[in-house]
Amino acid sequence: MGAGIVEVFARNGLQVIAAEVDAEAVERGRAHLETSTARAVGRGKLTQAGADELLGRITTTTSLSDMADADLVVEAVPEHRDLKAGVFAELDRVCRPDVILASNTSSLSITELAVRTGRPGKVVGMHFFNPAPVQKLVELVRTVVTEPDVIDDVQAFAATLDKVPVVIGDRAGFIANALLFGYLNHAARMYEQRYATREDLDAAMRHGCGYPMGPLALLDLIGLDTAYEILETMYRESRNMMNAPAPVLKQMMTAGLLGRKSGRGFYTYAKPHSSEVVPDANTPSGTVPEDVSVRDVQRVGVVGTGTMASGIVEVLAKAGLDVVVRGRSDSKVDGAIAGIRRSLDKAVVRGKLDEAARDATIARITGTTRLEDMADADLVVEAVAEELDVKRAVFAALDEICKPGAILATTTSSLPVVECASATARPQDVVGLHFFNPAPVMKLVEVVSTITTAPDVAATALALCERLGKVPVSCGDRAGFIVNALLFPYLNDAVKMLEAHYATADDIDAAMKTGCALPMGPFELLDVVGLDVSLAIERSLYQEFRLSGFAPAPLLEHLVTAGRLGRKTGHGFRDYAAR
């Protein structure tokens, strides 16, 4: 991180003095800089002459006294309070009284560091994100004693570095880490509880939310020791159990499993500091268990004609399966099939499907208003309204109609799958198949097994998803499954941060998009999902886990009560132009 910040300054034409603890560390830092600039030259983002000029602007030293002529000093030593405080005390002694001292800490109190100096009003947080030359976000942290013109000057300076500066108050985790590490900690707990495998947890968030990395792979990148220290600091300040480090993190630290830097963490790597994951004893041999037989599925029924149901019908038919779709009326059925045809026509226009394949897909779809037409289906997927009584009634009827051995699946995203299973005399044949919207586009399917689901039923569901070209992940039957259980507490934390007036919705969204490379900020996403839908999911999570950190933020409840439901009503956390 220190080398990255040095590179950022030097790239922008500044003379930089880089101090390290000893000559060996200086050489290591130099090597980081040379590797990074060589990579930029290789990618055509920097000329060799430019790289040479950049490196020529950097002076290295092992003495902090050489900082005497600096106009700004940024501290980027390891995340230990006493170590940082000692550095600041020494800098305060050697630097001019008007020099601003900044810390790159990601979790420690800037106030505690500031009071170790004789210039607390000129001490700020300047939190760059890794890798600093690439990541745009810089969190600028002011304390209660920071002089206003100091934060203004640092903000203006950060903008000259082609960064996105966000000014915030001094609290553990600031914006990005306060939201990110609660999510990462929750994922580590899921893994610890053996709710899902490391591969399934990571695949779920990459393919279900579009995140660039899964949570466990990201923890390995950050370093489990670093993650533990950040969480410990956040918990010490907040006493929020969501921030209490998962015990598995301490256990892995003690065993020396620190992530990429040690060559082993949640995953095993080719060597220390390598990004190449290599197979180990926990690596699955495949998606479908080898010792379980799979049932034959050729004909599938889909109950429902809404957006999700129609998308599932399209996916099934495109994969060569015969599909019967049941709606409550002929007009509903005709509308669903017409919508599927329009979707396929668009695929033809975009060159993703030829006309013969489109026609063959439509020919495999049969519409009906009779549930009895599901009698010879090998699998029936229920995709009706997200109301438990309605779903239970559908499952009870299907149990009477469907042939023995037929699998019954629900697409619920929040209701207990076992409730649907208990409405039948074949609970072993009931499974959750949670597709994501829009089903033809989204790759992820959560395959949810209840305590009664037969192993061959779960295996058949996994095999079918692979046949459909989807990425299936296995999990148990508890609120939120994987994706919603990880996503919505994070969104709820963002609302609580806004509610506390710690940062604006725009700054929080910018921090998570720019600092964590997420496709959408939390408030953008909440408005897209719908605040009423989000509130219902958060209530179900709180009801299931009874953790105070899962309790829906009052602000979210108030917005729903006021009818501000997001984009669909034109008003949510933001206002939208009428269409």
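Me: Let's start with Arg392: buried, partly exposed or exposed?
Reply: Arg392 is partly exposed, with a relative accessible area of 28%. Keep in mind that this is a predicted model.

Me: And which residue does Arg392 meet in a salt bridge?
Reply: That's Glu419, with 3.5 Å from N to O between the side chains. The pair links distant parts of the chain: Arg392 sits in helix α15 (residues 388-401) and Glu419 in helix α16 (residues 417-421), 27 residues apart. Glu419 is partly exposed too, at 30% relative accessible area.

Me: How many salt bridges are there?
Reply: The count comes to 33.

Me: Where are Lys261 and Asp225 in the chain?
Reply: Their side chains form a salt bridge at 2.8 Å, N to O. This pair also links distant parts of the chain, 36 residues apart: Lys261 is in the loop between α11 (247-254) and β8 (268-269), while Asp225 belongs to helix α10 (residues 224-238).

Me: How accessible is Lys261, and what about Asp225?
Reply: Lys261 has a relative accessible area of 32%, which makes it partly exposed. Asp225 counts as partly exposed as well, at 22%.

Me: What's the distance in the salt bridge between Arg96 and Asp98?
Reply: It's 3.3 Å, N to O, between the two side chains. Arg96 is partly exposed at 32% relative accessible area, and Asp98 is partly exposed at 46%.

Me: Switching to helices. At what angle do α7 and α8 pack?
Reply: About 145 degrees, with the axes of α7 (residues 176-192) and α8 (residues 198-209) 9 Å apart.

Me: Is that crossing left-handed or right-handed?
Reply: The crossing of α7 and α8 is right-handed.

Me: Which residues make the contact?
Reply: From α7 you have Tyr183, Ala187, Met190 and Tyr191, and from α8 there are Arg198, Leu201 and Met205.

Me: OK, new topic. Where does Leu415 lie?
Reply: Leu415 lies in the loop between β14 (407-410) and α16.

Me: Why does Leu415 count as buried?
Reply: Because its relative accessible area is 18%, and buried means under 20%.

Me: So what does Leu415 touch?
Reply: Leaving out residues up to four places away in sequence, Leu415 touches Glu386, Glu387, Leu388, Lys391 and Phe481.

Me: And how many Å separate the C-alpha atoms of Leu415 and Leu218?
Reply: 30 Å, and the two residues are 197 residues apart along the chain.

Me: How does β15 run relative to β16, parallel or antiparallel?
Reply: Antiparallel, with four bridges joining β15 (residues 430-435) to β16. Phe435 stands opposite Val445 in β16.

Me: How many bridges join β16 to β17?
Reply: Six bridges join β16 to β17 (residues 471-476), and those two strands run parallel. If you want a spot to look at, Ser449 stands opposite Gly476 in β17.

Key. Residues are numbered from 1 along each chain as its sequence is written. This is a predicted model: local features need pLDDT of at least 70, side-chain atom pairs count only at pLDDT 80 or more; totals for chains, interfaces and linings use all residues. Side-chain values use heavy atoms; hydrogens and water are left out. A salt bridge is a side-chain nitrogen of Lys or Arg within 4 Å of a carboxyl oxygen of Asp or Glu. Buried means under 20% relative accessible area, exposed over 50%, partly exposed in between (1.4 Å probe, protein chains only). Axes are lines fitted to C-alpha atoms, for helices over the stretch in contact, and angles run from 0 to 180 degrees between N-to-C directions. A crossing is left-handed if the near helix is turned anticlockwise from the far one by less than a right angle, and right-handed if clockwise. Contact means heavy atoms within 4.5 Å. Two strands pair if DSSP finds at least two bridges between them.
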